Amino acid sequence: MVINHGVPESLINEMMNLCLSFFDLSPDEKSDYVGKHVLNPIRCGTSFNTSVENVYFWRDYLKILVHPDFHAPLKPNGFRETSYEYCKRTREVAKELLKGMSESLGLEEDYIEKVLETKSGLQILIVNLYPPCPQPELAMGMPAHSDHGLLTLLAQNEIGGLQIKHKGKWIAAKALPNSFMVNIGDHMEILSNGKYKSILHRVVVNNKATRLTVVTANGPSLDAEVTPAPSLVDFENHPPLYRGMKYKEYVELQQSNQLDGKSCLDRIRI
Ligand SMILES: O=C(O)CCC(=O)C(=O)O
Ligand SMILES: [Fe+2]
């Protein structure tokens, strides 16, 4: 979790309100964005990927590709301007965190930025809405998964539900007001050759109030081939744990299948 991140609370609140207004648009107004390919710039829907799921999750989502090319729905009014600013500011937070993490691995401060071309990195804005559920014990908001990419920054309203797997147990991740929960993504695990582990997390639902989360997933450039950093690999003591894969291929693979723990990362584990 990060606090004192420099993103104004007013901007986060404005973003949350506009996201709620998006979900309040009529089905007709949202219809342009429904049921698109995983790399379509704007798409909204229910669950995660209803074309491959037998049981749906108790979640509505809006996903927008916001970097390197910025996209925004035409409605609600103000969404474009506010989301542009919000995404830019959270990218700056991710950039600072990545510098520190690069150094913590014994790499140059700008190693990740250079090698994974994060200046033209993919950033996705994901908005999740979990309405009250009459039988929460029978439903999930999101199943256990890890995120693709490097760092995911998550802002949430006051309604909890995020859980993180820690030492074999699901722990409720309680956030301080005006903070971002930061999830390490699969590509940080690959790059660090397993020194950083991507975080297994899920969302449970409740029967009282709506949970809203505004997430930015910050990743490498879509064209970057992500492999363990060579200086973190020696064949005697630290053999490479993952084979390289282009980030674009990984995103398409993860988004077009069912969300299932770390199964996508397992496909490239050596
Ligand atoms: O809504 C949440 O708390 C988590 C959302 C999430 O894990 C995701 O969008 O990848
Ligand atoms: Fe996630």
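Histidine 67 is buried, at a relative accessible area of 13%, where buried means under 20% relative accessible area, exposed over 50% and partly exposed in between (1.4 Å probe, protein chains only). Histidine 67 belongs to strand β2 (residues 60-67); strands (E, at least two residues) and helices (H or I, at least four) are DSSP runs numbered from the N terminus. Leaving aside neighbours within four places in sequence, histidine 67 is in contact with Arg91, Thr118, Lys119, Ser120, Gly121, Leu122 and Gln123, a contact being heavy atoms within 4.5 Å.

This is a predicted model, in which local features need pLDDT of at least 70 and side-chain atom pairs count only at pLDDT 80 or more, while totals for chains, interfaces and linings use all residues. Residues are numbered from 1 along each chain as its sequence is written, chains are lettered from A and ligands numbered from 1 in the order in which they are written, and side-chain values use heavy atoms, with hydrogens and water left out. The chain averages a pLDDT of 94, and 100% of the residues score at least 70; pLDDT is the predictor's confidence in each residue, from 0 to 100. The model has an ipTM of 0.98 and a pTM of 0.95.

The metal site comes next. His145 (NE2), Asp147 (OD) and His201 (NE2) coordinate the iron ion (ligand 2) at 2.1 to 2.2 Å. Donors are N, O and S atoms within 2.8 Å of the metal (3.2 Å for Na, K and Ca); water is not among the atoms, so sites may look incomplete. Along the chain the donors of the iron ion (ligand 2) are spaced as H-x1-D-x53-H. Aspartate 147, in the loop between β4 (142-145) and β5 (151-156), and histidine 201, in strand β9 (residues 201-203), are 54 residues apart, and the pair links distant parts of the chain. Aspartate 147 is buried at 13% relative accessibility, and histidine 201 is buried at 5%.

The largest nonpolar core has 76 residues, of which Leu62, Phe79, Tyr86 and Leu125 touch the most other members. Helix α1 (residues 9-24) supplies the largest share of this core, 8 residues. A nonpolar core is a set of buried Ala, Val, Leu, Ile, Met, Phe, Trp, Tyr and Cys residues joined through side-chain atoms within 4.5 Å. Not counting residues up to four places away in sequence, tyrosine 86 touches Leu11, Ile12, Met15, Leu125, Ala155, Phe180, Val214 and Thr216.

The structure holds 0 disulfides, a disulfide being a pair of cysteine sulfur atoms within 2.5 Å. For cysteine 19, the closest cysteine sulfur, in cysteine 87, is 9.2 Å away and therefore too far for a bond. Cysteine 44 is in no disulfide either, as the nearest cysteine sulfur, that of cysteine 19, is 12 Å away. Cysteine 19 is buried at 1% relative accessibility, and cysteine 44 is buried at 7%.

Over the whole chain there are 7 helices and 12 strands. Of its 270 residues, 51% count as buried. Among contacts between residues at least 6 apart in sequence, 77% join residues at least 24 apart.
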